[in-house]
Amino acid sequence: MCSVENMQQFYLLLGNLMSPDNNVRKQAEETYDTIPGQNKITFLLQAIRDASAAEEVKQMAAVLLRRLLSSSFEEIYPGLTLEMQTAVKTELLTSIQQETSPNIRKKVCDIAAELSRNLIDDDGNNQWPEVLKFLFDSVNSDNVGLREAALHIFWNFPGIFGNQQQHYMEVIKRMLVQCMQDQENPQIRTLAARAAASFVLSNESNTALLKHFADLLPGILQAVNESCYQGDDSVLKSLVEIADTAPKYLRPNLEATLQLCLKLCADTNLTNMQRQLALEVIVTLSETAAAMLRKHTAIVAQIPQMLAMMVDLEDDDEWAMADELEDDDFDSNAVAGESALDRIACGLGGKIILPMIKQHIMQMLQNPDWKYRHAGLMALSAIGEGCHQQMEAILQEIVSFVLLFCSDPHPRVRYAACNAIGQMATDFAPTFQKKFHDKVISALLQTMEDQSNPRVQAHAAALIQKGTKLVLEQVVTSIASVADTAEEKFVPYYDLFMPSLKHIVENAVQKELRLLRGKTIECISLIGLAVGKEKFMPDASAVMQLLLKTQTDFNDLEDDDPQISYMISAWARMCKILGKEFQQYLPVVMGPLMKTASIKPEVALLDTQDMENISEDDGWEFVNLGDQQSFGIKTAGLEEKATACQMLVCYAKELKEGFVEYTEQVVKLMVPLLNVPLTVSRVRVAAAESMPLLLECARVRGPEYLTQMWHFMCDALIKAIGTEPDSDVLSEIMHSFAKCIELMGDGCLNNEHFEELGGILKGKLEEHFKNQELRQAKRQDEDYDEQVEETLQDEDENDVYILTKVSDILHSVFSSYKEKVLPWFEQLLQLIVQLICPNRPWADRQWGLCIFDDVVEHCSPSSFKYAEYFLRPMVQSLCDSSPEVRQAAAYGVGVMAQYGGENYRPFCTEALPLLIRVIQAADSRSKENVNATENCISAVGKVMRFRPECVNVNEILPHWLSWLPLNEDKEEAVHTFDFLCDLIESNNPIVLGPDNSNLPKIFLIIAEGVANESVKSEDACSKRLANVIRQVQVSAGLWTQCVSTLNETQQKAIQDLLNTA
């Protein structure tokens, strides 16, 4: 029986639900959960309608009733009697009319909106017609409270008219306009503007409606302006949302929108939050409607407004004491301005931004006030990514200028200069390192020496007084990023840096120096990796001891100690440097690593109203799931988790069977991570990458253990391919899945797996075609320009990349299952045929042909039943204008000759002259054509070798010899050498020539092949080639004749072959 019998007990319960005491509240929540749904509704409604109840009790009841309808409508409402349902509706509307407290009235409006949202049936009929009548009556009422209520309900649920919306369109518009012009009541104007925005947002894809409502925008903008000065930024937030989801709505008044936002952004009387929101409108538009914005150059020219925000810094004596940049910096104008600049540069592109901003930055850097110099350097760091091409052209001038500031009198400017160098080293790698490593490294060295005189270091306090600790941290980070990309070029500087860096790690033990120490550990390991094992080895064991010492004190480190994540990455780099020798350290390393990799983020499912109470400052991020629901995740620790997962991948890769002890716990950790959306995408990428590597590690334990592990992974991998939203992550998951199948081979997928996989791949191919159509449509858009085309090209590349992964998966399935998988493949057949239609883009045709190549190679002779679909396109593609398509077609001819069987004979005969024409074309060996040409040469070889009846071998052989060796396509080179060995070993007179006169030419081909690494010592044919050479050695005269034509490199190659094979 329910423990709440009457209203009195229920009021008591509501009181306890609001109790500050956790235990009391928890108890109350448990009791509340046991009350049956229908009773809850009765009690809650009664509480809301009770004039004598305390305001906060009524408020609590209203929130609970709205939540109940939002989360459990289907379970409760349809089960109520008809009288009860009618009573609920009537009570709500009566309450809105009679309630005197504006706050409670607003909460009851939220309940009414929630109920209407659930009462729209599948055909769009609103099952609560009274609420619509109520809206019309209230909005025309003299009572301001009722007008507010009507607007509030409409704002909360703009879809309330359901399928009657078109019918009432004029009325809705008139109602909004009339309210936006209400001179007496500013709150009505504000609410009407928010309601109008909400209506526009809920109809974002209805172009006609947006046009029809365009004349409401000036009113909305006016309300934005007014409300900001009333301390209310809700309308401004609605404007940000419109810029994000319905930017086209702003087009007719774009000029006015931008003017308003620039004005608000510049007004120092407004709060920082409001100024940043105004800026956010412009920044968002540069991302969602870049082309539209680029046309308003006059407005865009005012963008340096952001630079003014970046100067908004405090003179902070504590700055130098700070362990890292404080969190409160993140809502500062300076940081907001910087991130805005970064996003706008990426959105609008460097062509527009750089010329406009360069002058301003140069002026700032010459300003006597440090804040301007600081802002100028930070601005340079911010625009690097977006203005990449344009800055690369003047990099020389920029770098020389920035380096001057490494010795600026103000520590925060020195910090910003080091930061800019570090950022440029990343944005402009590898050009940056090639051109500037000398200059940059000497400037950093100087900054470091100037800051880290060992005598000064002995007194951490003195170090901090000089405001140099943060600068030192930044210098160390910049050195690391330069070393990371300069690689072996860093060797000459190694001895200059290493002693100081080791010195910091040994001595910087105070708590306030933890971050400096962590960054230095990172720097040492990056330098070690850059200069390589030989140079680093003498220091390696000393560094390992330092790391081990920190690690053993690890248990004493606090959970949020910044050194932890640096240590974790440093270990993995040491593993790359030391290779197998690292295995002995695993027992020490794995504990903390698994602990960090296992961090469980807090998650919550919230409805939009609840979200207002949790702000993003507390480290929560939200993803809107639509329909007033949001999924929140607390991001603390996620970056560390991602790094730890990447390091586990690194160990599995480097140590292989040496890692087998840990495979089980790592697999149990990684598999569930494949399907957790919202985590940092690096976590999912690491989880995917780890799968095939862990199988490799586990091989040592025998097939049974391996199969168990695969069963544990397989479902999760397939599911992730179907649901992963981020294309970069998706391609990694698909790639790993294909690798796993190749590793596990025939029998690793059961019927359910095949069925699910088939559906998913079919979906991916259909989506591929649909995306192409959408892009074609965007090319017809009125705002289409060359920068839009660039974006479309990028999307296109992404799409094609996913297509290559579909091809990878099919390849792995065909090569493992052979022809028994063909019946399953037929569901995809028409889509693959569509890829090779002559009117498709070249990449589609290339990958379509590759898939058919695999069918022929692995599923013959049965493959011939599909020949009608691909034979003609394949012949035509041999002479295609795109080298990638020619290559796929030529490879196809080769596999038909080798594996296809009798049925393909006439086709081989027909293809041969076409192959030869491609090989003999004038530019067949140019960089872009050479791979396709080498595939043609290899195909000709395969036809002669496996289908000699299709061709006049004696006529073609001399030509074929003259085309060897293949230098680019190593796989095909092996096929040609195998055939060459066959011919030599059978003493083929054409190949050897009269009196062996062709031998010097053959020596040359072999020497080139070895020098080029086309022949590797582990290939079977290298032994055969060595034997050919040894036979010639016996005859001294012939040997001299053959070797004398070779240059030094080629002679060495022949010697190497004899020594190793």
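Buried means under 20% relative accessible area. The model used in these exercises is predicted.

**Exercise 1.** Decide whether Y817 and F754 are buried or exposed.

*Solution.* Start with Y817. Its relative accessible area is 6%. The cut-off for buried is under 20%, so Y817 is buried. Now take F754. Here the relative accessible area is 10%. F754 is therefore buried as well.

**Exercise 2.** Classify the ring pair of F754 and Y817, and state which helices it ties together.

*Solution.* Take the distance. The two ring centres lie 5.0 Å apart, and rings pair within 6.5 Å. Take the angle. The planes of F754 and Y817 stand at 80 degrees, and over 60 counts as edge-to-face. The pair is edge-to-face. Next, place the residues. F754 belongs to helix α40 (residues 751-779), and Y817 to helix α41 (residues 786-817), so the contact ties together parts 63 residues apart in sequence.

**Exercise 3.** Find how many aromatic pairs the model has, then classify F582 with Y585.

*Solution.* The count is 24 aromatic pairs. For F582 and Y585, the centres are 5.6 Å apart and the planes meet at 55 degrees, so this pair is tilted. Both residues are buried.

**Exercise 4.** Name the residues that ring pairs link into a cluster with F136.

*Solution.* The cluster joins F136 to F154, F161, Y168, F199 and F213.

**Exercise 5.** Identify which rings R194 and R701 lie over.

*Solution.* For R194, the ring belongs to W155. The charged end of R194 sits 4.5 Å from the centre of that ring. For R701, the ring is that of Y705, with 5.3 Å to the ring centre.

Note on methods:
Residues numbered from 1 in each chain as written. Predicted model: local features only at pLDDT ≥ 70, side-chain atom pairs only at ≥ 80, totals over all residues. Heavy atoms only, no water. Phe/Tyr/Trp six-rings, centres within 6.5 Å; stacked < 30°, edge-to-face > 60°. Buried < 20%, exposed > 50% of the residue type's maximum accessible area, 1.4 Å probe, protein only. Helix = DSSP H or I, 4+ residues; strand = E, 2+ residues; numbered from the N terminus. Lys NZ or Arg CZ within 6 Å of the ring centre and 35° of its normal.
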